[in-house]
Amino acid sequence: MELSHEFLVEDREFKDYEDFSKNCKLKAPENFNFAYDIIDRYAKDVPNKRALVWIDDNSEDALEFTFTDISRESKRAAYWLVQKGIKKGDTVMLVLRRRYEWWILMPALHRIGAIVIPATDQLLQADIEYRTNAADVKMIISYDNPHILEEIEKAMPKSPTVKYLVTVGPQREGWISFHDEYSKLDPEFPRPVGEAATHNNDPMLLYFTSGTSGYPKMVLQDFLYPIGHIMTAKYWHGVVDDGLHLSIAETGWAKATWGKLYGQWICGTAQFVYDMNMLKPDKMLQMIAKFGLTTFCAPPTVYRFLVRQDLSKYDLSKCVRFSTAGEALNGEVFDKWLEKTGKKIYEGYGQSESTIICGNFLDYCPIHPGSMGLPNPLYKVEVLNPNGKPVPAGEIGELCIHVEDGRPYGLLMGYHKDVSLTAAAFDGGVYHTGDNVYQDKDGYVWFVGRKDDIIKSSGYRISPFEVESVLQKHPAVLECAVTGVEDAKRGMAVKATIVLSQDYADKDPKEMELIMSNFAKENTAMYKCPRIYEFVKELPKTISGKIRRVEIREKDKGKDADKIKQDF
């Protein structure tokens, strides 16, 4: 049993993408609430239906939760939260990494109508201070990692709105023990009525986006956001009823609600959660095989590690669909994965501000490796120039979503407490993604880069990803970032900052520069070839793992290309 059909105007197989694009539409009941209308519904109709399988590196056996378990425990948790004074509209921050309590506390807060702020355990004192004050956080619930607990404690003197610190681990001085208190309460929490009831356009979820500069933006999503993720789970991830899905994401990021909760449960598949201390490719492949995962999603970086393993040692036969998002997928990785497993990797693209915007939807969209796929039927997508006019096929512009006829399911309400930023994002009757793309003659969308990442050299507009894709085909390159630096002759010169793979890490930089330079010249147009190579131990990244090209550009700012080249 799956409930996704109840939110689809037509639930059927579509003939092709054109049929899918025209006829795949969603509908929503009045006052939809994910906790009551999905979790409790499954608990009532199919009480033994599996919802969650959880394991960590310290456990031999996995914990399993049915929807009945999740329903009962989230009601108990909601009762406990209300006893602590949490009410509709209050903000509560969850720092739970991949702890199973996240799947109890998220719906518990939805029951109340409180606003959830998922947060990563990589935050430091200043990050926490900013978030607590910007969002008026009333409670922080964290798992028992000494580092994050200490950072939270250091932030408290400048976090006046925070009334409660809660740990899901052992008792700690100054903290409330969640398990000690909530487990003693009755698992009853009737659906609120009157002013306490939730409505479709009430705020439900607040995400701090990582960004590439400045303070994080606060993305506000409403109670219809989970329904928008039916497109993510059913048509992109390809989840199956009573299956087992894994999206590799820590719960502090939007990718967790994309792949670890809403759409997947609506579509009837269970979540597999591997609470790993660090990614070990062989262990991850063992998990996929041992538990018989049916669908799997990970960023391209993870696939780059997985594809280097001897995949013949692992039984991946039960996994019907592999997908990826977070950055554009290198064609070399796609080809190697297909060669070694016989299975394709389906790309998708979206933001914290949205559900999936473009993707390879089931088999309605033949895969063009490296492309983000075709537009989500829920979103009227168009590529526009700076004047707001559509650009022809093949020309670069900004990816925008039309909102003249209303805000589609899953698109942000706005940026919390920032009227001007919200107005700018929705200027001209469209939502501006800030991402430069082009659409080919078949309608497929190709990522070029963030608007400030484009390199203009000798009159050419150069996509960093395009050059990175070429360099990553060389076995010496584990990761790379391509940026532009000032150049008197060209305006800008192309620079590649590279993390070398283990087999090449000890080689002389001058030798590696020659190797990479020759490889680039043999594999891409001369105007795209980097003139400068820098070899580093690691690339600067946001706390969500995205490469911060802006940090590399800032380091090189004011230096001429020839001077930078001499420095290396």
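**Exercise 1.** Determine how α2 and α4 pack against each other, and which residues make the contact.

*Solution.* Step 1: the two helices α2 and α4 pack at an angle of about 130°, with their axes 8 Å apart; axes are lines fitted to C-alpha atoms, for helices over the stretch in contact, and angles run from 0 to 180 degrees between N-to-C directions. Step 2: α2 is therefore oblique to α4, given that angles under 35 degrees count as roughly parallel, over 145 as roughly antiparallel, 65 to 115 as roughly perpendicular and the rest as oblique. Step 3: on the α2 side the contact (heavy atoms within 4.5 Å) involves Phe34, Ala35, Tyr36, Ile39 and Asp40, and on the α4 side Pro107, His110 and Arg111.

The model is predicted: local features need pLDDT of at least 70, side-chain atom pairs count only at pLDDT 80 or more, and totals for chains, interfaces and linings use all residues. Residues are numbered from 1 along each chain as its sequence is written, and side-chain values use heavy atoms, with hydrogens and water left out.

**Exercise 2.** Characterise helix α2 by its span, its N-terminal cap and its buried residues.

*Solution.* Step 1: α2 (residues 34-45) has 12 residues and reaches 16 Å from first to last C-alpha, close to the expected 16 Å at 1.5 Å a residue; the expected span is 1.5 Å times one less than the number of residues. Helices (H or I, at least four residues) and strands (E, at least two) are DSSP runs, numbered from the N terminus. Step 2: Asn33 caps the N-terminal end, a side-chain oxygen lying 3.0 Å from the backbone nitrogen of Ala35. Step 3: buried residues (under 20% relative accessible area; exposed is over 50%, partly exposed in between; 1.4 Å probe, protein chains only) include Ile38, Tyr42 and Ala43. Step 4: the buried residues of α2 pack against α3 (67-83), α4, α8 (225-228) and α11 (262-266).

**Exercise 3.** Is Ser142 buried or exposed, and what surrounds this residue?

*Solution.* Step 1: Ser142 belongs to strand β5 (residues 137-142). Step 2: its relative accessibility is 0%, so Ser142 counts as buried. Step 3: beyond neighbours within four places in sequence, Ser142 is in contact with residues including Val95, Leu96, Val168 and Trp175.

**Exercise 4.** Describe helix α9 and the residue just after it.

*Solution.* Step 1: α9 (residues 230-237) is mostly covered, with eight of its eight residues buried. Step 2: among them are Lys234, Trp236 and His237. Step 3: just after α9, Gly238 takes a positive phi of about 65°.

Notes: Polar contact = N/O pair within 3.5 Å; in protein donor to acceptor, adjacent residues only side chain to side chain.
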